[in-house]
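Please look over the sequence and the model below before reading on. The notes that follow are grouped by topic.

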Amino acid sequence: MAGVTLKVLQGADRGKVFSSLMPPFTVGREEVNDIQLNDERISRCHFKVQRDNDRLVLTDLDSTNGTKVNGVEYPLKILRSGDLIGVGRSLMLVGTEEEIAARLVALNNDGNGAAAREMSSSESSIALDLGHERSPMLDAAAVHDIPAIPGGLTPGQRAQFCEVLDYLQNRVCKLIDSAKIDENNQTVTLKYSAWQRLLKVQSRLSEMHRSVADPGSQE
């Protein structure tokens, strides 16, 4: 049976990818865990992931601050590719790009309305409330001062930098076009597939940030 992939999108360990994890495994702050995260808000042994037949089950290990899946705190939760696990200041994405894409295809091809049920359920539809507390991901994306473009770039570096900006702009534009705005309730809603595209961009940005800030991490 294939292993589990967890990608750290936010937190001190952002950009790290833990691949081929074989359940059961634990995540926490101490070295005794299979995954050790550098986050003071995470308990020493925070949560465990194990298999139950073909299902992947997350169990919170009586952590101090709890474990959230897709923004909702659970003591016990079935995990699926594309789910977001929130612990302390850290945010992790479950699954590889291929596994997430396969799940979307399965949902869209289901003839019994599974896609509609998942996309309208509290765990899968994404509604961004503009008038309430922001999610950790959105907080991290809020930049008060626009960063300056680095100077002294060679023509090749400028071209490469423009490619990165084009990558971001094109994907953000597609997400904006797919969003549904409810001005009365001050909310913006994205379909599950659009949310997964946003997470893919976030995952790529985390990896790029880590490779630039710590080149040795890619060796």
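The charged end of Lys77 lies over the ring of Tyr74, 5.3 Å from the ring's centre, where a charge counts as over a ring if NZ of Lys or CZ of Arg is within 6 Å of the ring centre and within 35 degrees of the ring normal. The model is predicted, so local features need pLDDT of at least 70 and side-chain atom pairs count only at pLDDT 80 or more, while totals for chains, interfaces and linings use all residues. Residues are numbered from 1 along each chain as its sequence is written, and side-chain values use heavy atoms, with hydrogens and water left out.

- Strand β11 covers residues 90-94, and because five of its five residues are buried, it is largely enclosed by the rest of the structure; buried means under 20% relative accessible area with a 1.4 Å probe, protein chains only, and strands are DSSP runs of E with at least two residues.
- Ser90, Met92 and Val94 are buried on one side of β11, and Leu91 and Leu93 are buried on the other.
- β11 pairs in the antiparallel sense with strand β1 (residues 4-10) over four bridges, pairing being defined as at least two DSSP bridges between two strands, and Gln10 stands opposite Leu91.
- Strand β10 (residues 84-87) also runs antiparallel to β11, joined by four bridges, and Gly86 has Leu91 as its bridge partner.

**Helices α4 and α5**

- Helix α4 (residues 155-178) packs against helix α5 (residues 192-213) at an angle of about 160°, with their axes 10 Å apart.
- The two helices, α4 and α5, are therefore roughly antiparallel, a term for angles over 145 degrees.

Definitions and conventions:
Buried means under 20% relative accessible area, exposed over 50%, partly exposed in between (1.4 Å probe, protein chains only). Axes are lines fitted to C-alpha atoms, for helices over the stretch in contact, and angles run from 0 to 180 degrees between N-to-C directions. Angles under 35 degrees count as roughly parallel, over 145 as roughly antiparallel, 65 to 115 as roughly perpendicular and the rest as oblique.
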